[in-house]
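Thanks for coming, everyone. Please have a look at the sequence and the structure, and then I will walk you through them.

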Amino acid sequence: MNTERILSKDKIIVHKFFLHISKKDQKKRLEDSKKKKKEWELSAFDKDQGEHYKRYFEIFDSILSASRTIDSPWQIITSDKKEDTKLLVFEAIIERLERILKYDSQNALRSINHGMELIP
């Protein structure tokens with residue numbers, strides 16, 4: 001039995017996120033770091049990464065496929081925009097909790113708003 005299944009049986013929720021940055025955005029971020037003289041943010045690995053992007057993507061895909069389980073699936077999120085990424089992660093967590101708890105937050109909000117009057 002795998003660790004994630006054991007955690008699931010103990011009612012612990014495991015939700016894995018893979019934050020994917022497009023090749024275009026990754027290149028832009030590296031260039032921005034160079035322009036802003038933030039060389040400390042870059043390693044030799046980072047500088048060569050663009051050349052090996054396709055191979056890295058294949059490796060990530062195989063790792064994600066091999067470690068995907070019913071109890072703890074991977075959720076791949078495009079993370080070119082940091083603000084959007086945070087919202088997408090929060091939204092995924094909320095949706096999963098609602099499914100597990102059988103709770104409909106949208107319906108709850110509608111019933112709350114139904115009883116409220118707007119003040120001009």
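Start at Ile100. This residue sits in helix α5, which covers residues 82-101. One word before I go on: the model is predicted.

Is Ile100 buried, exposed or partly exposed? Its relative accessible area is 43%, so Ile100 counts as partly exposed. Ile100 belongs to a nonpolar surface patch of about 770 Å².

Now step back to the whole chain. It has 120 residues, and 23% of them count as buried. How many helices and strands are there? Six helices and two strands. Read from the N terminus, the order is α-β-α-α-α-β-α-α. The chain exposes about 10,100 Å², and 59% of that comes from carbon and sulfur atoms. Then the contacts. Take those between residues at least 6 apart in sequence: 66% of them join residues at least 24 apart.

Next, the aromatic residues. The structure has one aromatic pair. The partners are Phe18 and Phe60, with ring centres 5.2 Å apart. The planes stand at 55°, so we call the pair tilted. The cut-off matters here, because edge-to-face needs planes over 60 degrees apart. Where do Phe18 and Phe60 lie? Phe18 is in strand β1, and Phe60 is in helix α4, residues 53-66. The pair therefore ties together parts that are 42 residues apart in sequence. The two rings also differ in cover. Phe18 has a relative accessible area of 17%, so Phe18 is buried. Phe60 comes out at 37%, so Phe60 is partly exposed.

On to the charges. How many salt bridges does the whole structure hold? The search finds two. One joins Glu4 and Lys16, and their closest N and O atoms are 3.1 Å apart. Glu4 is in helix α1 and Lys16 is in strand β1, so this bridge links parts that are twelve residues apart in sequence. Is Lys16 buried or exposed? Buried, because its relative accessibility is 11% and the limit for buried is under 20%.

The other salt bridge is between the side chains of Arg55 and Glu58, at 3.4 Å from N to O. Both residues are in helix α4. They are three residues apart, about one turn of the helix. Glu58 has 38% relative accessibility, so Glu58 is partly exposed.

Now find His15. It is in the loop between α1, residues 3-9, and β1, residues 16-20. Which side chains make polar contacts with the side chain of His15? One is Gln75, at 3.0 Å. Another is Arg96, at 3.3 Å. Leave out the neighbours within four places in sequence, and His15 is in contact with Pro73, Gln75, Ala92 and Arg96.

Lys11 is exposed, because its relative accessibility is 75%.

Lys102 lies in the loop between α5 and α6, residues 105-114. Its phi is near 55°, again a positive value in a residue other than glycine. Relative accessibility is 74% for Lys102, so this residue also counts as exposed.

Last stop: Ser79. You will find it in the loop between β2, residues 74-78, and α5. Is Ser79 buried or exposed? Ser79 counts as buried, because its relative accessibility is 5%. What does Ser79 touch, not counting residues up to four places away in sequence? The list is Leu19, His20, Ile21, Arg29 and Thr85.

So, a quick recap. Phe18 and Phe60 form the aromatic pair. Glu4 bridges to Lys16, and Arg55 to Glu58. His15 makes polar contacts with Gln75 and Arg96. And Ser79 is buried, whereas Lys11 is exposed. Thank you.

Note on methods: Residues numbered from 1 in each chain as written. Predicted model: local features only at pLDDT ≥ 70, side-chain atom pairs only at ≥ 80, totals over all residues. Heavy atoms only, no water. Patch = residues over 30% accessible without salt bridge, like charges linked within 9 Å, V, L, I, M, F, W, Y side chains within 5 Å. Areas by Shrake-Rupley, 256 points an atom, 1.4 Å probe, with all protein chains shown as cover. Salt bridge = Lys/Arg side-chain N within 4 Å of Asp/Glu carboxyl O. Helix = DSSP H or I, 4+ residues; strand = E, 2+ residues; numbered from the N terminus. Buried < 20%, exposed > 50% of the residue type's maximum accessible area, 1.4 Å probe, protein only. Polar contact = N/O pair within 3.5 Å; in protein donor to acceptor, adjacent residues only side chain to side chain. Contact = heavy atoms within 4.5 Å. Phe/Tyr/Trp six-rings, centres within 6.5 Å; stacked < 30°, edge-to-face > 60°.
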